[in-house]
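Dear colleague,

Please find below the structure that I am handing over to you.

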Amino acid sequence: MNYAAIKKTDVANGPGIRVSLFVSGCRHRCKGCFNSEAWDFRYGRIYTEETEREILQALAPEHIRGLSVLGGEPMEPENRGTVLGLLQAVHRQYPGKDIWCYTGYDYEKDLLQWKVREELPDGARQRGASGGNTAELLALIDVLVDGEFMEERKNLRLAFRGSENQRIIDVKESLKQGRTICLAL
């Protein structure tokens with residue numbers, strides 16, 4: 001996986017002061033995207049063990065509230081394995097820090113459907129089902145901002161999202177209750 005940037009003191013992509021990883025690669029190609037250079041999966045630098053150590057070290061100060069992962073698209077099949085490894089490391093080392101993830105995919109229509117397909121026995125998997133790791137990723141994400149950016153629904157007054165169709169989802173509570181729980185921020 002490649003990544004476009006690491007911001008070590010980000011205040012725009014979740015509450016408090018955060019570390020943000022902008023992964024490379026996105027098939028959505030939303031009109032008006034603020035980070036269109038990161039659509040290319042080869043853009044930026046190669047994510048390495050050293051990159052992960054840098055992120056973990058940046059999360060160490062007490063005033064850092066958590067990690068935000070955005071892009072590009074963290075949920076692209078090519079990115080999921082690496083993102084999962086990072087989220088597992090963050091969860092192990094900093095269990096009190098929250099994890100936010102931004103995706104252009106829809107929580108119910110895409111992510112939960114991929115999760116179900118992954119849980120099917122091998123012989124029952126549907127042809128063309130997305131690559132694995134969705135269930136494991138969702139279990140580690142506290143808050144998911146879902147939905148493609150829609151330029152015609154852009155609203156600069158929204159907290160932590162760019163367009164009115166995007167939702168801020170409490171993933172842990174949603175998985176627990178079996179229904180989507182949106183946060184009013």
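Predicted model: local features only at pLDDT ≥ 70, side-chain atom pairs only at ≥ 80, totals over all residues.

Helix 1

Helix 1 spans residues 49-58, and its buried residues are T51, I55, L56 and A58. Viewed down the axis of helix 1, these buried residues fall within an arc of 160 degrees, so they line one face of the helix. As a general point, an α-helix has 3.6 residues a turn, so residues three or four places apart point the same way. The face of helix 1 turned away from the buried side carries the exposed residues E49, E50, R53 and Q57.

The largest pocket

The largest pocket holds about 670 Å³ of space. Its lining is made up of 32 residues, and those nearest the centre of the pocket are F34, Y102, F149, G162 and Q166. By class, the lining divides into 14 nonpolar, 11 polar and 7 charged residues.

Two buried serines

S20 is placed in strand 2. With a relative accessible area of 0%, S20 is buried. The side chain of S20 makes a polar contact of 2.6 Å with the side chain of D10. Once neighbours within four places in sequence are set aside, the residues in contact with S20 are A5, I6, K7, D10, N13, S68 and L70.

S163 belongs to the loop between strand 6 (143-146) and strand 7 (167-170). S163 is also buried, and its relative accessible area is 0%. Which side chain does that of S163 join in a polar contact of 2.5 Å? The partner is N165. Leaving out neighbours within four places in sequence, S163 touches E148, F149, M150, R153, K154, N155 and L158. Of these contacts of S163, F149 is also one of the residues nearest the centre of the largest pocket.

A buried glutamate

E118 lies in helix 3, which covers residues 107-119. Is E118 buried or exposed? Its relative accessibility is 17%, and because buried means under 20%, E118 counts as buried. The C-alpha atom of E118 is separated by 34 Å from that of I64, the two residues being 54 places apart along the chain.

Backbone geometry

In general, most residues other than glycine have a negative phi, and most peptide bonds are trans.

- G71 and G72 are joined by a cis peptide bond, with omega about 20 degrees; G72 sits in the loop between strand 4 and helix 2.
- R29, which is not a glycine, has a positive phi near 50 degrees; R29 is in the loop between strand 2 and strand 3.
- F160, likewise not a glycine, has a positive phi of about 60 degrees; F160 is in the loop between strand 6 and strand 7, where S163 is also found.

With kind regards

Methods: Residues numbered from 1 in each chain as written. Heavy atoms only, no water. Buried < 20%, exposed > 50% of the residue type's maximum accessible area, 1.4 Å probe, protein only. Helix = DSSP H or I, 4+ residues; strand = E, 2+ residues; numbered from the N terminus. Arc of directions from axis to C-beta. 1 Å grid on protein atoms, 1.4 Å probe; cavity = no way out; pocket = protein on both sides within 12 Å on 5 of 7 lines; lining within 4 Å. Points joined across faces, edges and corners; volume = space filled by probe spheres on them. Nonpolar A, V, L, I, M, F, W, Y, C, P; charged D, E, K, R; others polar. Polar contact = N/O pair within 3.5 Å; in protein donor to acceptor, adjacent residues only side chain to side chain. Contact = heavy atoms within 4.5 Å.
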